[in-house]
Amino acid sequence: MSEIIVSTPVHNRLEQLFLKHNLSKKTVVLFDENTKELFGRDILTALKNQGFTFVELVVPARETSKSFRTAYRLYGNLIEADVDRSWNLLAVGGGVVGDLGGYIAASYYRGIPIVQLPTTLLAMTDSSIGGKVAINHPLGKNLIGFFHMPELVLIDPSYLKSLPEREVYAGMAEVVKYGFIADMEFLRYIEKHFDDIVAIKDPYVSEAVRKSASIKADIVEQDFKEQSGLRATLNFGHTFAHGFEKLADYRHIRHGEAVAVGMICALHLSRKLEKISQDELQRGLAILSKFKFRRGLVQKRFKDIPAETILESMLSDKKKVDKQLRYVLLEGLGKAYLHPEPLDDGIVIEAIEKAKKCC
Ligand SMILES: NC(=O)c1ccc[n+]([C@@H]2O[C@H](COP(=O)([O-])OP(=O)(O)OC[C@H]3O[C@@H](n4cnc5c(N)ncnc54)[C@H](O)[C@@H]3O)[C@@H](O)[C@H]2O)c1
Ligand SMILES: [Zn+2]
């Protein structure tokens, strides 16, 4: 498994950490325009001072950079710079840079090592961990990719200080998810320190990042290729979220915003099947009510779509594979499971209706 380092600062230890992991000091540094502007000088100076040879690549800061066209252009840059198998790639950015960098590292010269240096809350707690890397296809997101484990994940939570509030809340949805699916004690910590975490205050934000990253790494280690159903629990709230995101064309809402709404639906569904108590439902909803989404715009958009349309969109996603949706539910706060049987559309629609009322 990858080693995950959570430390402020982290860029001053690159040489020591690369050597420890038998990584050469020849690295391709991939940024997006924003992370280049924000962290480029510090990171490149640190690499220079620590005796690295490096090639720098920058892509536009948007989801469409996760494309074959961008990857193809970058392969060309690497060939021209004589980058070969003895090099590695350092991805500095959010999930877009991490996924694109991972895709390139997994394929270039049949694979070079990747080190992830995530800079968004979502990337620190989710996308940089677990080795799933992908680019998008015009017909669907994340369809072309690999399992390519990072050698190292280097997390400096102080990088979050410049992150826009909207991105902080989007990442926070995944943090809360880890509490719901795997760890009641962590959920209590989140309840108590929610405001400090979203205000990027230490030690709370570092602790939340460290704990989330370790829960994800643990789950991935036990079920790397998603065979036992355990890794699927990371998708708590996501079945609903994907349907909702798709209706918003993936553009108008952030993934984490859809996940927060999706978790409200999944909590109601868990309650309907009597897997959680009324008290647990209320407690879960109280945490999710702390999310501030741009003056309620996300909630309004969700409320405006008929529940049936959301379910249709959820179904259209998976129809090609097995014609059935599988739901991740809670059996008590802090414990998720993959519901083994298909569920009637009626009960799912009722859960969405309930979620709309309390959004
Ligand atoms: N591989 C996985 O397991 C996995 C899991 C979840 C999501 N993802 C993917 O992750 C992507 C979303 O990632 P994301 O939410 O990090 O979005 P992102 O990479 O688009 O980053 C969001 C924005 O924040 C900017 N930014 C990054 N760090 C910053 C900082 N410290 N300060 C200020 N601005 C900063 C970026 O330039 C960008 O504009 C999606 O493509 C999704 O498919 C992958
Ligand atoms: Zn997610």
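Let us begin with Glu174, which is buried at a relative accessible area of 0%; here buried means under 20% relative accessible area, exposed over 50% and partly exposed in between, with a 1.4 Å probe and protein chains only. This is a predicted model, in which local features need pLDDT of at least 70 and side-chain atom pairs count only at pLDDT 80 or more, while totals for chains, interfaces and linings use all residues. Residues are numbered from 1 along each chain as its sequence is written, chains are lettered from A and ligands numbered from 1 in the order in which they are written, and side-chain values use heavy atoms, leaving out hydrogens and water.

Helices (H or I, at least four residues) and strands (E, at least two) are DSSP runs, numbered from the N terminus. His255 counts as partly exposed, at 23% relative accessibility.

Next comes helix α9 (residues 238–247), where you will find Ala241. Is Ala241 buried or exposed? At 0% relative accessibility, Ala241 is buried. Setting aside residues up to four places away in sequence, Ala241 touches Ala258, Val259 and Gly262, where contact means heavy atoms within 4.5 Å. The C-alpha atoms of Ala241 and Glu257 are 8.3 Å apart, although 16 residues separate the two along the chain. Ser313, in helix α13 (residues 307–322), is buried as well, with a relative accessible area of 8%. Beyond its neighbours within four places in sequence, Ser313 contacts Gly243, Lys246 and Leu247.

Now for ligand 1. Which residues are closest to ligand 1? Of the 27 residues that surround it, the closest are Asp32, Thr119, Thr120, Lys132 and Ser162; a residue is near a molecule or strand if one of its heavy atoms lies within 4 Å of it. A nitrogen atom of ligand 1 is 2.7 Å from an N or O atom in the side chain of Ser162. Oxygen atoms of ligand 1 also lie 2.8 Å from an N or O atom in the Lys66 side chain and 3.1 Å from a polar backbone atom of Val96. The protein covers 87% of the 860 Å² of accessible area that ligand 1 has on its own, by the Shrake-Rupley method with a 1.4 Å probe. Elements giving two or more residues to this shell are α2 (33–49), α4 (95–107), α5 (121–127) and β7 (140–147), and α2 gives the most, with 4 residues.

Finally, have a look at the loops. Thr8 to Pro9 is a cis peptide bond, with omega near -5°, and Pro9 lies in the loop between β1 (3–6) and α1 (14–20). The bond from Asp202 to Pro203 is also cis, with omega near 10°. Asp82, in the loop between α3 (68–80) and β4 (88–93), has a positive phi near 60° without being a glycine, and is exposed at 62% relative accessible area.

Terms used: A polar contact is a pair of N or O atoms within 3.5 Å; within protein, one must be able to donate a hydrogen and the other to accept it, and residues adjacent in sequence count only if both atoms are side-chain atoms.
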